[in-house]
Structures are given as C-alpha cells and as structure tokens.
Amino acid sequence: MSDLDIQLREWVAEACRYPPGSPARQRYLTKVIRVVSNKLWRESVAYYQDALQQTWVYFCKNICGGYDPDLGSVATWLNAYLKRRLQDFYIDTQKRRNNEISSWQDKDGEVVDITEGLADERGDVEPVWEKVKAWAEADPDGELQRLHIEGHPEVTCQVLILRRLLSETSWKALSEEYGVAIPTLSSFYRRQCMPRLRKFGESEGYVTS
Amino acid sequence: MTHGTYEFALTLPITQGARRTAQAFANQQPTPAKAEQVRLNTLAVLVTQDYMQLMDIPTNLPGSDSWNPVMQTCTDVADLELPGVGRLECRPVKPNEERCQVPAETWEDRVGYVVVQVDEVSQEAQILGFVPTAQDEELPLSDLRSPEELLDHLYELRYSPVERALTNLSSWLQNTLRDGQQAIAEGWQAVEQVLTSSELSTAYAFRRNSIRQAKRIVLGDQAVALVVDVQAGTNSQSEIRLQLHPVDDQPNLPPGLQMAILTDSGEVVIDAEATGNEDFLELQIDGASGERFSVQIRLNSFQDTQAFVI
C-alpha cells in the first residue's frame, strides 16, 4: 500500500468520526476529493462529468459505512462505481438514439435537442434586456427618475440602470464621469436600483419567489 | 490544470445540465461579451452548488440574483443563497487568469467570495479558494484562502451563536453617561438619527415619560429600523414596545419581514409578519428587572437577533 493510500485511509477514518454536515467531516472529505480526483478513470465522452458528479455524491453519502478499506483503496472503490455509471449513461444514450426523433447525438454521444434555442421556455420573442430597457426608459411610476444619489440629482436610478444594462459602462467610467466614488455609486445601485429590478423581474414572471 | 500554483485547488465536474443551463441564460444576451459573462457566472454558481450539495450544505438557487434573468442582464452577479447563512458570491476565472474580477455591485451583502476556475474545454472546474470580504474590483488569486477555510467560515456563520452584547434596558431608564456611551457603541441612537421625519409615520406614537432608542438593522440588501420604547411601570415591571419601521425612503416594510420576541431559552412569545402594506410593526411585552429576551428579525434567508436584559 502506498503512502498516499495510507494517508487517504486516515482521512476517511477521521471524516467518519464526525457527523454529516460537521465542518470536520466536510474538511476531510474535501481533502480526499482533492487527492483522489487525480487518480480516477477518465473517458472523453460528453456524459463523463455527469457520471463523475454522481460518483462524488455517492462517495460523500456512502464513504462512512459503505466502504471497506480492507477490500481496496478509495480510488479503486470509486473507479468501480464510476465505470458502472458510465456504462449506464452509455446504455441510456443508445436507447435514446434508437427511440427519439427530435434529438440527435454528436460524435461524443451528447444528446442535442434540436428544439432548443428556438425560443425560451416562456415562448417570449422579446429578449429580457429589451424589456428592462423599455421599462426603465418609460419609468411608469416616475420613481426611477426621482431617486438619485444625494447631492447628485443627475445620477438617478434610471441613469444607473440604463448605463449598467448589459454591464456596458464600467463602475470606474461612471465614477469618473459623475465625480462620485465607486462605493457610493454601487451602494446606491444595490439599495435603490436592485430591489426595483428584482420586483420588475417578479412582475414579468421571471422569478417565482 | 493550474500549473501547480494553487495547491489547495479542488477539481470538480461541470455537468451537461450546468452547461445547458449556462448556455440558455447566455443566449438571452445580445452581445458576445455579456453572453460569456453570464455563461461563466452561471457555471461558477452551479459548480459551487454541486460542491455545497456534496458537503451537505443547503442552497437556494431560485432565491439568488444569479438565477433571475433580469438581474443577469442588469448586473454582473454570481451569487448563491445559502439558507440561514447568506449569499455566497461565486466568481469565475478563466484558466491562466491571475486576478479575479469582483464587480462593485457584489461588495456588500455577501458572506464570502469563492473563486471558481472554469475550463470550458476540459469541462472541469477548480474551486481555487475564497476570501471573506472584498472592497476592490480586482482580487489577486494569491490572496485566496483554502476551500477548507471556506467550510469553517460558513459553519461559523450558520451555527456559532455570536457572543452578542446584551442591551441593558434598565440602564436606559437610569440614563447615566457611561451607559449612554455604551448604547452608542452597540449601535443604538436617538430615533431621529435613524429615521427621517417623513419616515416617522403617523403610527409612530410613543408614550410620554418613556425612553426610546433606535437601531438600523441590515437584512441582506434591505434595511429596517428597530425602535425600542421602554417605560418603567409599577413593582419594578417595565413595559416594552418594539417597533419595526421602513428606512431608505421605503413607504412600507418589505413583505415577508418577520419579527418575533423570544424568551431566554429561545421560545417564541409573540410574533408578527409584514404583508407589504404595513408602514410599521409593533410587539409589546412586560418584564421584570433582570429578565432576558431577544428580538429576532427575519427577511428571506437573512436574520438579525438583538438580545436584551431588562
């Protein structure tokens, strides 16, 4: 058994001395993931990262109780699981290849839905940014033009929302243009503009909170 | 790979689901630069969410600005809400970048900044580390602390009861100079210093012969004023009124704002919740000198607790 394997066994034993969700267990699991990730089986298929994520979920849920160090190293145990998941994904994509008409796969086996990208889920034609722009310019309540940074009536909510739309104007450029420090600008934006943008998002049905 | 620079980097997968979601959000943006920003922000958030799931740390993606198409378009945010903790900012960097951009709109209202290196070619991400605070638009990656320290930091925020100063209400009634200075150090101020005259609504009708102080309470990106009004009663009993008022020119308290009075052992004595139509909330209790209670104020996943001794 290599020094690394001994180290990993110790970390696993340490992790399992603490309850799930405790920082000590989290810390030791993180150490194991960091080191073992370099020793896992690799394949260049589109679903590889999905199989790997499932493997890490399995590792964190089952390492304490489900792993017997006498039967092999942590990497060996996880590789066996990872290969089974890769096999599942392979079978799954083969099935879909045979059954689905609206989908096709690229050479790596990734499923590509050809309906994707034609319209978003809400069936909108108008992009979000155009809606925001139209709303901010129209300012139906007059609120966006009324609220401004103290001592700077020209730096209103409306101006900041429109200038920051699509991150087009940097905070530095705005700071130089208006002679207002960046923290003052961004703090006003965060307190006054962002809540109104969130509310607009909710009223347009983008958020379900 | 990171050329061995970041010895505590943690390599994690970027799943197909994450890539599809990030691309769908990016497709909403009209310029290639903005599309790339939204795609990388989304990937950084989703990889961090996957890591939090592995660590058994709950997340609330739908409550995060990074999940809101309007906020994606208007701001450069990559936040991930952690219930009971706050918003964790997940900043993406591309391979070989040595500095991480931290936009000014994310400088406040964050419990930390985790930096995620996103390699779209290898479909791998690396959690490079974190910093607890940021005040500059550029963060040198050499300042980062390890992912293990992030875990400890989040745990402390979630569970460790911060040793809070007990605000002594009887001393307000005695009103000595030393106690006055103590109150100011704890953040208590005259009501007029916390609320403007227009915010002192008509409902604000406190009693004569009572002592009152106010404190600004910050809950995520919103704030309210807590006003405490104490009146000495008979038999060493004090009557205490606790009110919440909107600040920052808001006409009403935010909907969902909750206020509760708890006993020393944490049981709720009385509580109230704002629906969005109230310009103030009020709770009243009586207590004897030496009794302890606390006021818990919650808004979404943010909470503030103020502890008192009568």
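Guide: Helix α2 of chain A and helix α4 of chain B are roughly antiparallel to each other. This is a predicted model, in which local features need pLDDT of at least 70, side-chain atom pairs count only at pLDDT 80 or more, and totals for chains, interfaces and linings use all residues. Residues are numbered from 1 along each chain as its sequence is written, and chains are lettered from A and ligands numbered from 1 in the order in which they are written.

Visitor: Why are α2(A) and α4(B) called roughly antiparallel?

Guide: The axes of α2 (residues 23–36) of chain A and α4 (residues 147–158) of chain B cross at roughly 160° and come within 9 Å. Angles over 145 degrees count as roughly antiparallel, so the pair receives that name. The axes are lines fitted to C-alpha atoms over the stretch in contact, and the angles run from 0 to 180 degrees between N-to-C directions.

Visitor: What is the hand of the crossing of α2(A) and α4(B)?

Guide: The crossing is right-handed, a term used if the near helix is turned clockwise from the far one by less than a right angle.

Visitor: Which residues meet where α2(A) and α4(B) are in contact?

Guide: From α2(A) come A:Pro23, A:Gln26, A:Arg27 and A:Thr30, which meet B:Pro147, B:Glu148, B:Leu151, B:Asp152 and B:Tyr155 of α4(B). Residues are in contact if their C-beta atoms, placed from the backbone, lie within 7 Å. This contact comprises four nonpolar, two polar and three charged residues. Ala, Val, Leu, Ile, Met, Phe, Trp, Tyr, Cys and Pro count as nonpolar, Asp, Glu, Lys and Arg as charged, and the others, Gly among them, as polar.

Visitor: How many residues does each chain bring to the contact between chain A and chain B?

Guide: Chain A brings 48 residues and chain B 42. On the side of chain B, β1 (10–13), α2 (32–54), α3 (69–74) and α4 each supply at least two residues. That side divides into 16 nonpolar, 14 polar and 12 charged residues.

Visitor: What makes a residue of chain A count as buried, and what percentage does so?

Guide: A residue is buried if 20 or more other C-beta atoms lie within 10 Å of its own. Of the 209 residues in chain A, 29% are buried.

Visitor: Into which domains is chain B divided?

Guide: Chain B has domain 1 (10–158) and domain 2 (167–309), with bounds from an automatic or database domain assignment. Their C-alpha centres lie 36 Å apart, and seven residues of domain 1 are in contact with five of domain 2.

Conventions
Helices (H or I, at least four residues) and strands (E, at least two) are DSSP runs, numbered from the N terminus. Angles under 35 degrees count as roughly parallel, over 145 as roughly antiparallel, 65 to 115 as roughly perpendicular and the rest as oblique. Two residues are in contact if their C-beta atoms, placed from the backbone, lie within 7 Å. A residue is buried if 20 or more other C-beta atoms lie within 10 Å of its own, exposed if 12 or fewer, and partly exposed in between; C-beta atoms are placed from the backbone.
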